[in-house]
Amino acid sequence: MWRKRHRSNQDFIIIRSSSSSSSSSSSLSGDSEEEEMGFLEVPVNDLKHLFPELGPMPEGLSPQQVVRRHILGSIVQSERSYVDSLRRILQDYRNPLVEMEPKVLSLRKCQVVFFRVKEILQCHSMFQIALSSRVAEWDTTEKIGDLFVASFSKSMVLDVYSEYVNNFTTAMSLIKKACLTKPAFLEFLKKRQMGSVDRVTLYGLMVKPIQRFPQFILLLQDMLKNTPKGHADRLSLQLALTELETLAEKLNEQKRLADQVAEIQQLTKSVSDRSSINKLLSSGQRQLLLCETLTETVYSDRGQLIKSKERKVFLLNDMLVCTNINFKPINSRGQLEISTLVPLGPKYIVKWNAALPQVQVVEVGQESSAHEKDNVVIPNLGLKKHMPSSQSSHNKVYLGPPRLFQELQDLQKDLAVVEQITLLISTLHGTYQNLNMTVAQDWCLALQRLMRVKEEEIHSANKCRLRLLLPGKPDKSGRPVNVMVVFITPNPLSKISWVNRLHLAKIALREENQPGWLCPEEDKKCKAPFWCPILVSRMPAFSSRALDLQLGAAVHSPVHSSLLGFSAVSTSLPQGYLWVGGGQEGAGGQVEIFSLNRAAPRTVKSFPVSAQVLCSEYIPERNEEERADSLETSADQALPPQPVICLGLQDGSILVYGSVDMGTQCLLTGKSPGLQPVLCLKHSPDYLFAGLQDGTVAAYARTSGGFWDLEAEPACLTVGLAPVRTLLTLDDAVWASCGNQVTVFDAATLKAQQTFEAHPEEEASVTHMIKAGSGVWMAFSCGSSVRLFHTETLEHLQEINIATRTTFALPGQKNVRVTSLLICQGLLWVGTDQGILVLLPVPRLEGIPKITGKGMVSLNGHCGPVEFLAVALSTLAPDILKSDKEDDPSVDPVSAKDEKPDSKPADLASQNSPQMRELRKKGILLQYRLRSTSHLPGQLLSMREAPSTGNAPEHTEEDGSVYEMADDPDIWVHNRPCARDAHRKEISSLAVVSGGRGYRNFNSNGKLPASSETDSTLLIWQVPLML
């Protein structure tokens, strides 16, 4: 397969796929064959570089060097195995199928099945050649990161992999169809698999490109973890992680868009050309937000299941469509028509569609109060049956299963009666059999137990039951009739996803969100992606409008205990409280506390403080998991016994408050040295740092009780003469800005380590610093740029001019200044003095947070500068996502037969390590959204050999790791199957709050009036749940 051609000064390797031989060949062939096979000439020095080999380990290596050498060996071995798998696909399957006579698979279908495999092989063959030279010089250079950057930052790699990933499900569907209809093809696959050493199926080989980048990322993360700071390869490794994560993100997005187009096209084909919905779907204005196969259920009035049927439900940006999945048997034996299934899937028959504003989600128990004036109809066996007048007069519907809530209410009433009887029994003077306090108390306890059982039944009914109220046809009297439809979702996560997306899709239809964002991409399209934040609320920052209060700072205080029901968490903002501080310069200050525990925020408390609030900091308590992870007992003592909020004031006061749940009690008060205004606050495990107006940082040490002694004299760190406008705490350092320079202090000893210039212009003071991964983004008091610095080398890595983005909303306005910064969930939020907000995508892992796209510009903003950006983030408890099967301890998710005898306990320990938990927490974001082919006829595809029971080819159940949204990267690397109803360990709810003067809509075609330009206003954006 590999050939060497002699040139005058340089040797060349011609990379191509051999048509018959499985071994390397160095024979020459004609130019015509070279052109036909698509040769790629790559200069090399010697053929031995094609096969990277590590030499003997030198003596005197440090433990980290030994580990890095082993990781390099893993990279070399996995890459060799991967390239070998790609060659096997071409040599053992594609080429014989192309040359076979008579053909068992047409040339056209061969092209579809093996689309882009050869190009992927060429990319990795070049990478393997470069890897050979790095391996040869490893013991002298120890560098590998820059090789990954150079090899996988090319657009060619993205294009080739994207086309392969997008085509994967179609290719697998064609394989299944051929297995079912062409015995010769089935026999061919069986022989090839049985003839291989490892017995890996064609499916097992072809799934490897899907898994390659997650494997690379894990290997590079291990390498980075064992690369000390200051090492020549460390920055290159971080940049390599950035490139690979960016590549994987783009693959995800392109796959999602390809799936969206395919699903909408398939739905459009299934609809009559004359129908109104066909025109809507064909307009090109519809975005698919979610589609899934759900089970529609119909119950009798006694709660018995009458019928259930699978439906494909489509959530578009403005309508909900429910379809029947049309499987038509082709003969009396009921065999399915495969042509309707491959390659785009089944045809649909539209059952109903409804505009989103008319669709309402109704939970079990909400029927009695949610729709007082509605006449509700229950679909029963395909017919609409009106409820008895006695029931409809009360407008109560109990479905799926019905009457649970009514039964709970009846038990509550009975308990109240029994408690009254108990009181009467206590007044009896005589003694009577079965009429005493012991019996009465037993009655109460029994009723309480029944109530708990009923509450659990209602909770369980809610977990996977999606109940929708839809508009129906008017009755004979002309009154509107609503129809209740009940779907069973595959798992609780699916239910939460549907409720959340329905809720946000309806908000997205509001005028201010049509459109809400501009996306200035190369194709000039202005459609925002499906995950874009949605403006859900705008409101006054302060309840008292009599005073002209300026905004100073805001901070989110999350709550640990869930205050909401199972479904309410899908529509509420992140649970907790938003503290907003401000005031009048030279006068008093004000603090406003908003509850975010519902879809609409509300003020729960407001109180004055002695001076204007300039900054705030939330300091959490240490949870049990962190306590278990901590090896240092002193760290436990250095945390407050409860979450606290610290406020810094204009008059030099520092106030420490307890959380809202604790009554917002002021726990500590103190004054800064010289009563200097407190411009910024940050905390570390040992200190509370306050940046002051006079260019110093006051460091307050923690006491044994976990708080700070604010009355004692703090350690004063001199930074410069200009104000310390922003602080940043890292793991082992504290960054303090002063003018255009930043000083780095040791977090433990508080000694200055070094000072570096963040901006070449002296008047450009550093106003904001925010960390992500291994980088820090900074904003300045003048100019429209933001700059990125490396946390370890302090090297300037990137500069972005925000004005080039804001001109899309305000053409001609080039004098823009950045007034606020925030990074969360892979987005850099930038607030400007024009009131415009800009979103820029950044990587989420521990690489360098370089901006990798043009981002988006919000068409909703403020009339003046964006004073602050605050993030509200809360995590749903894992137990809320457990299905009934998982609640049953007798159900073991992993059968004993799946356990490998050679598996080691250390593997489990590594999975539960703090690093792995942190990785799961961040999300590796490599979930290729591939649709399974398991619903198609034919053998299930597998990558492993199953125990042979006969002459049939070895196939086991399709590997779930290919299709499920798995946040555990171990699934990708070791091909461990995950259950079809697998759920994530946690779900994050996210909202972003901006504060500024008034509200302004920047849409040139919009008709929304601006609010008062003098009122301090909060805008709240909600992001779809991180599922």
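Modeller: R69 is buried, with a relative accessibility of 6%; buried stands for under 20% relative accessible area, exposed for over 50% and partly exposed for what lies in between, with a 1.4 Å probe and protein chains only. This is a predicted model, in which local features need pLDDT of at least 70 and side-chain atom pairs count only at pLDDT 80 or more, while totals for chains, interfaces and linings use all residues. Residues are numbered from 1 along each chain as its sequence is written, and side-chain values use heavy atoms, with hydrogens and water left out.

The side chain of R69 meets that of D139 in a salt bridge, at 3.1 Å from N to O. The term requires a side-chain nitrogen of Lys or Arg within 4 Å of a carboxyl oxygen of Asp or Glu. R69 belongs to helix α2 (residues 63-99) and D139 to helix α5 (residues 138-141), so this pair ties together parts 70 residues apart in sequence. Helices (H or I, at least four residues) and strands (E, at least two) are DSSP runs numbered from the N terminus.

E137 and R134 form another salt bridge, with 3.8 Å between the closest N and O atoms. Here R134 counts as buried at 18% relative accessibility, and E137 as partly exposed at 35%.

In the salt bridge between K229 and D732 the closest N and O atoms are 3.4 Å apart. K229 sits in the loop between α10 (208-225) and α11 (234-269), and D732 in the loop between β27 (727-729) and β28 (733-738), so the pair ties together parts 503 residues apart in sequence. K229 is exposed at 51% relative accessibility; D732, at 43%, is partly exposed. R68, E142 and D233 are joined in a network of salt bridges. The structure as a whole holds 17 salt bridges.

Next, the nonpolar packing. The largest nonpolar core has 67 residues, and F114, I144, F148, I175, F185, M206 and F213 have the most contacts inside it. Such a core is a set of buried Ala, Val, Leu, Ile, Met, Phe, Trp, Tyr and Cys residues joined through side-chain atoms within 4.5 Å. Helix α7 (residues 155-181) supplies the largest share of this core, 13 residues. Leaving out residues up to four places away in sequence, F148 touches I75, F127, S153, F216, L220, A240 and L244; contact means heavy atoms within 4.5 Å. Another core lies apart from it, with 45 residues, including A772, A779, L827 and L869.

pLDDT is the predictor's confidence in each residue, on a scale from 0 to 100. Residues 335-344 have pLDDT below 50, and this stretch has 28 contacts in the model beyond near neighbours in sequence. Residues 943-984 also have pLDDT below 50, with 121 contacts beyond near neighbours in sequence.
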